[in-house]
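My notes follow in the order I checked them.

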Amino acid sequence: MSQTTPEQLADLLRSHFGDAIGNVRVTHAQATLEVTAGNLVKVCTALRDEPDFHFEQLTDLCGVDFLGFGEAEIPQSDTATSQGFGRGVTGTTAPGRFDWGNRPLHPQFLRRFAATVHLLSFEHNVRLRVRCFAPEDALPVVPTLTGVWPSADWYEREAFDLFGIVFEGHPDLRRLLTDYGFVGHPFRKDFPLIGNVEVRYDPEARRVVYEPVTSVTSRLTVARVVREDSRWQSAQSEAADDWKDN
Amino acid sequence: MADQDQAGEIRSYTMNFGPQHPAAHGVLRLVMEMEGETIIRIDPHIGLLHRGTEKLAESKPFNHSIGYMDRLDYVSMMCNEHAYVRAIEQLIGVEAPERAQWIRTLFDEVTRILNHLMWIGSNALDLGAMAVFLYAFREREELMDAYECVSGTRMHATYYRPGGVYRDLPGKMIQYKESPWHKGKDLARMNAWREGSLLDFLDAFSEDFQHKVDEYEELLTENRIWKQRTVDIGIVSPEQAMALGMSGPMLRASGIEWDLRKKQPYAKYAEVDFDIPVGTHGDCYDRYLVRMAEMRQSALIIRQCVDWLKKHPGPVMVDNYKVAPPKREDMKESMEALIHWFKLFTEGYSVPAGETYAAVEAPKGEFGCYLVSDGANKPFRVHLRAPGFAHLSSINETTKGHMLPDVVAMIGTYDLVFGEVDR
């Protein structure tokens with residue numbers, strides 16, 4: 001059993017696929033490969049079969065919804081003035097604070113839905129993350145990988161169920177985790193955490209009925225804040241700076 | 001009901017199994033297409049225990065979700081925490097102190113034994129052997145006490161934290177109190193291992209545990225009924241095992257020598273000495289043997305960890321106030337410490353934007369945590385890769401052509417826990 005490092009893998013990927021693949025990055029000692037939906041099956045088949053790669057197993061596949069990436073829950077007013085520091089200002093109303101049309105544009109993610117695949121090569125003892133964005137946001141469609149790795153079956157059903165990503169060519173794309181007859185895709189960022197409907201037993205109708213949620217309200221316990229400051233670099237210098245003696 | 005067509009042949013019929021069934025390991029529903037007693041096709045319906053853990057985690061600061069991890073695979077609690085905590089640590093670039101890593105190694109193995117005891121008990125019970133369950137739970141109780149001693153709870157520990165573990169191992173092991181049922185000699189016997197520290201207790205336990213495994217093996221390994229129910233049932237070839245996404249004992253019983261503790265070591269697994277048991281046949285019986293051997297290896301690892309931990313005191317949490325709360329005494333003196341404390345417990349800490357996948361060798365297989373952060377104090381997306389999910393998805397492949405009772409054997413050997421399958 002040989003050992004391929006993520007950096008070697010990234011070089012191999014670039015030299016092998018050339019223009020067929022997008023960006024290859026190595027972060028946190030893990031290689032990430034971006035592939036367009038059109039090339040996904042072709043690239044993945046090669047990743048499974050080529051002796052350089054031999055990714056025998058699809059370990060994991062999941063959907064990601066990039067709506068609101070990098071956005072704070074309560075937007076801050078402009079930072080420090082002579083009057084004091086920036087305060088939280090009223091955000092657009094929860095749930096699903098903004099729709100896709102009014103989204104804050106984040107240059108890293110121009111599209112909303114992606115399927116992220118984690119591959120594992122037993123032979124080379126290396127992992128690879130493959131990300132494929134769905135070209136359309138309204139109806140996200142990504143080709144299925146069930147023909148390449150059978151284990152993709154349930155993962156794709158899960159991603160379809162939770163995110164509404166359609167895996168084109170999947171033999172049996174049914175909902176997996178949510179209730180029979182569930183409406184909506186609960187892990188989308190614009191799906192409220194408390195849900196849309198609740199169930200209760202109606203003694204008059206003598207059955208379980210679905211109603212709009214009234215028993216709980218949407219609440220924010222801890223606000224989401226994005227701090228892109230140098231906390232992690234400064235943490236180290238602060239540790240060196242023995243402020244306790246000051 | 002079987003429909004008879006004009007030729008008088010019996011057509012296949014559809015049968016429902018679960019979700020309320022003692023062998024369904026919780027809430028599994030199977031819709032089986034059968035021809036007589038033979039399975040033609042199985043369609044598992046899962047999600048009855050779906051709690052949306054991944055979505056809940058998106059609405060909370062990072063540390064608040066550690067407790068949810070315990071509740072995924074609720075018989076291997078700390079291993080789940082380990083994956084989540086490792087993912088956070090990778091993104092923020094913090095490494096736990098050495099002692100904390102040894103404690104994690106120790107408790108991962110305690111957890112492995114806990115899990116395998118639950119598995120052997122329930123699997124044997126499913127296949128008609130009542131006694132093993134009672135034996136297994138006797139030892140499980142001891143290890144639950146180790147959990148309680150270190151974290152305060154028997155199951156949902158929330159003990160691992162980014163940057164270390166919540167607190168150091170206690171110096172005194174909890175003891176049984178006198179009661180009308182246990183007193184005098186009886187009580188002294190029950191507390192025999194508990195006179196010293198938690199480490200003394202685990203040392204005594206792990207030394208004795210090999211004999212306990214002998215007892216389980218005596219009940220099952222050469223048991224004619226057990227072998228009839230498990231040998232040659234649900235054979236998984238190595239190629240199948242890889243393609244179907246299997247991991248852990250499911251993979252190793254098929255003859256693939258793959259263990260993340262050896263191949264991609266984390267915590268202190270590179271420094272402990274242990275073997276990877278591997279099967280040859282890939283049937284239920286081999287998976288049984290692999291898990292039994294794993295329990296023995298875990299006990300050996302526990303002894304090595306105890307040995308190290310006894311000799312090397314030290315911090316168990318990083319000295320970084322961004323993730324770890326300052327000491328109480330410091331807060332009385334230092335404004336800075338107070339601010340850090342306040343910030344940490346109201347807002348939490350922001351994790352730099354990025355993504356990572358951290359996997360641990362959980363007792364059931366590879367438990368992974370895919371974490372995407374956008375620089376906020378809450379995760380942007382958490383995906384938990386549960387071994388049981390991949391295993392269960394293969395049930396149609398592995399049980400096709402088997403008899404109905406073999407499905408029960410197969411569910412048992414998958415070691416399913418619906419907390420992690422449904423998440």
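I started with the hairpin that S1(A) and S2(A) form, which has two residues between the strands. In its turn, A:His28 has a positive phi of about 50 degrees. The model is predicted, and I read it as such.

I then looked up the pairing. Strand S1 (residues 24-27) of chain A runs antiparallel to S2(A), and four bridges join them. A:Thr27 stands opposite A:Gln30 in S2(A). S2(A) is also joined by four bridges to strand S5 (residues 126-133) of chain A, and this pair runs parallel. I noted A:Arg129 in S5(A) as the bridge partner of A:Thr32.

Next I asked which way the residues of S2(A) point. A:Gln30, A:Thr32 and A:Glu34 point one way, A:Ala31 and A:Leu33 the other way, and all are buried. In a regular strand the side chains alternate between the two faces of the sheet. Because five of the five residues of strand S2 (residues 30-34) of chain A are buried, I put this strand down as largely enclosed by the rest of the structure.

For the core, I found 179 residues in the largest nonpolar one, with A:Leu47 and B:Phe107 having the most contacts inside it. A:Leu47 touches A:Leu33, and its other contacts include A:Phe17, A:Phe53 and A:Val130.

Last, I checked the largest pocket, which holds about 980 Å³ of space. It is lined by 33 residues, and among the closest to its centre are A:Asp179 and B:His50. S8(A) gives the most to the lining, with three residues. By class I noted 18 nonpolar, eight polar and seven charged residues in the lining.

Note on methods: Residues numbered from 1 in each chain as written. Chains lettered and ligands numbered in written order. Predicted model: local features only at pLDDT ≥ 70, side-chain atom pairs only at ≥ 80, totals over all residues. Heavy atoms only, no water. 1 Å grid on protein atoms, 1.4 Å probe; cavity = no way out; pocket = protein on both sides within 12 Å on 5 of 7 lines; lining within 4 Å. Points joined across faces, edges and corners; volume = space filled by probe spheres on them. Nonpolar A, V, L, I, M, F, W, Y, C, P; charged D, E, K, R; others polar. Core = buried A, V, L, I, M, F, W, Y, C linked by side-chain atoms within 4.5 Å. Buried < 20%, exposed > 50% of the residue type's maximum accessible area, 1.4 Å probe, protein only. Contact = heavy atoms within 4.5 Å. Pairing = 2+ DSSP bridges. Lists of a residue's contacts leave out its neighbours within four places in sequence.
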